[in-house]
Amino acid sequence: LKLLMVASLGRMCGLRPDDVVYTTLPLYHSAGLLVGVGGCLEVGATCVLRAKFSASQFWADCRRYDVSVIQYVGELMRYLCNTPERADDREHGVRMALGNGMRAEVWKEFLRRFGPVAIWEFYGATEGNAGFINYTGKVGAVGRANAFLKFLAPFELIRYNVEEDEPVRDARGLCVPVSPVHLLPGPRRGHFPVTPTRPSGRCRPKSHPPLTAPSLPLPSWKGENVATTEVEATLASVSFIQEVNVYGVAVPGCEGRCGMAAVRLKDGATFDGDDLYAFTRDTLPAYAAPRFVRIQ
């Protein structure tokens, strides 16, 4: 049921049987496989796949295959906007872009440069219980909460205390509703786990059981979600590292958060950058390897 619900996202955004959808996203992710390929299967549209994203060939591919819908993550759109401007930037048949994670400044630049493409930005997580679509097309906004949709897929926005890592409660012990997003809890559906989500990552109330894989801290980098505790567990086996803590840091001009590893060396040990680089190259995906190291 959940797979079918995700695959129906394209239809909800206006995907038609006569559309040609171009996706360069990896098919081991729900975005590329379920939203992209699944969405085409759901409505009977044509799907154009590329083995690897190429910013320089992107629009040439769109013209070659008569693409009408493109799929994106925020980083992909930034790469397109960073390519040198060309006289034929607007010579394409793309009418709609479907994806998530695009910053407001990239959104504006994309429209200025490549024309009036309808942007359908959605928010969701594979392990989550709720999702949203910005159906108003307002730049940089999640959108409005449709009353009919909320009836079918109920959710609430509640106040959250980041320092205490728990929801704010009133005198009766109940959570406090709020308009701006603090914490978004979705109801349990069947056997799906409850995974409250906030903009800075996944979290849990203190009364919940110990953290498990679906609720680990997940900074997003290069369009990929990275479980910081899994990276920590990998780096802990490096011979000269005594302790390590991994977290995401913002990098100017880049989407998401890049990995920073704060390490404490073993007594008498010396930091070996070449050895650490070789180790992460062999044991971690390129997007998961920390880009910064702090020796503390």
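The following questions and answers go through a predicted model of a protein, from its overall make-up to single residues.

Student: How many helices and strands does the secondary structure of the protein come to?

Tutor: The protein has 296 residues, of which 41% count as buried. Among contacts between residues at least 6 apart in sequence, 61% join residues at least 24 apart. The secondary structure comes to nine helices and 15 strands.

Student: Which strands stand at the edges of the six-stranded open sheet?

Tutor: The order of the strands in this sheet is β2-β1-β3-β4-β5-β6, and the pairing is mixed. A strand at an edge has a single partner strand, so one side of it is left without a neighbour in the sheet. The strands in that position are β2 (46–49) and β6 (132–133).

Student: In which sense do β4 and β5 pair, parallel or antiparallel?

Tutor: Strands of a sheet pair through backbone hydrogen bonds, and either sense can occur. Strand β4 covers residues 96–100 and strand β5 covers residues 118–123, with four bridges between them. Ala97 stands opposite Ile119 in β5. The sense of the β4 and β5 pairing is parallel.

Student: What angle does the direction of helix α5 make with that of β3?

Tutor: Helix α5 (residues 74–82) packs on the sheet. The strands that α5 touches are β3 (69–73), β4 and β5. The direction of α5 makes an angle with that of β3 of about 105°.

Student: Which residues of the largest nonpolar core touch the most other members?

Tutor: This core holds 25 residues. The elements that give two or more residues to the core are β1 (20–23), α4 (58–64), β3, α5 and α6 (104–114). The residues that touch the most other members are Trp59, Ile70, Met77, Phe110 and Ile119.

Student: Leaving aside neighbours within four places in sequence, which residues is Ile119 in contact with?

Tutor: Ile119 is one of the core residues that touch the most other members, and Ala97 stands opposite Ile119 in β5. With neighbours within four places in sequence left aside, the contacts of Ile119 are Tyr72, Met77, Ala97, Met102, Trp107, Phe110, Leu111, Asn134 and Gly137.

Student: Which strands are the edge strands of the sheet of three strands?

Tutor: This open sheet has the order β13-β14-β15, with mixed pairing. An edge strand here pairs on one side only. The twist averages 25° from one strand to the next, and helix α8 (residues 228–235) packs on the sheet, touching β13 and β14. The edge strands are β13 and β15.

Student: How many bridges join β13 to β14?

Tutor: Strand β13 (residues 241–249) and β14 run antiparallel. The number of bridges that join β13 to β14 is eight.

Student: Which residue in β15 is the bridge partner of Met260?

Tutor: β14 and strand β15 (residues 292–295) run parallel, joined by four bridges. Ala261 has Val293 as its bridge partner in β15. For Met260, the bridge partner in β15 is Phe292.

Student: How many of the eight residues of strand β14 are buried?

Tutor: Strand β14 covers residues 258–265 and is largely enclosed by the rest of the structure. Together with helix α9 (residues 273–283) and β15, β14 makes a right-handed β-α-β unit. The number of buried residues in β14 is seven.

Student: Is Asp88 buried or exposed?

Tutor: Asp88 lies in the loop between α5 and β4. The side chains of Asp88 and Arg86 are joined by a polar contact of 3.0 Å. Buried means under 20% relative accessible area. At 16% relative accessibility, Asp88 counts as buried.

Student: What is the phi of Asp66?

Tutor: Most residues other than glycine have a negative phi. Asp66 is in the loop between α4 and β3, and is exposed, with a relative accessible area of 59%. Asp66 is not a glycine, although its phi is positive, at about 55°.

Notes: Residues are numbered from 1 along each chain as its sequence is written. This is a predicted model: local features need pLDDT of at least 70, side-chain atom pairs count only at pLDDT 80 or more; totals for chains, interfaces and linings use all residues. Side-chain values use heavy atoms; hydrogens and water are left out. Two strands pair if DSSP finds at least two bridges between them. Contact means heavy atoms within 4.5 Å. Axes are lines fitted to C-alpha atoms, for helices over the stretch in contact, and angles run from 0 to 180 degrees between N-to-C directions. A nonpolar core is a set of buried Ala, Val, Leu, Ile, Met, Phe, Trp, Tyr and Cys residues joined through side-chain atoms within 4.5 Å. Buried means under 20% relative accessible area, exposed over 50%, partly exposed in between (1.4 Å probe, protein chains only). A crossover is right-handed if, with the strands pointing away from the viewer, the path from the first strand over the helix to the second runs clockwise. A polar contact is a pair of N or O atoms within 3.5 Å; within protein, one must be able to donate a hydrogen and the other to accept it, and residues adjacent in sequence count only if both atoms are side-chain atoms.
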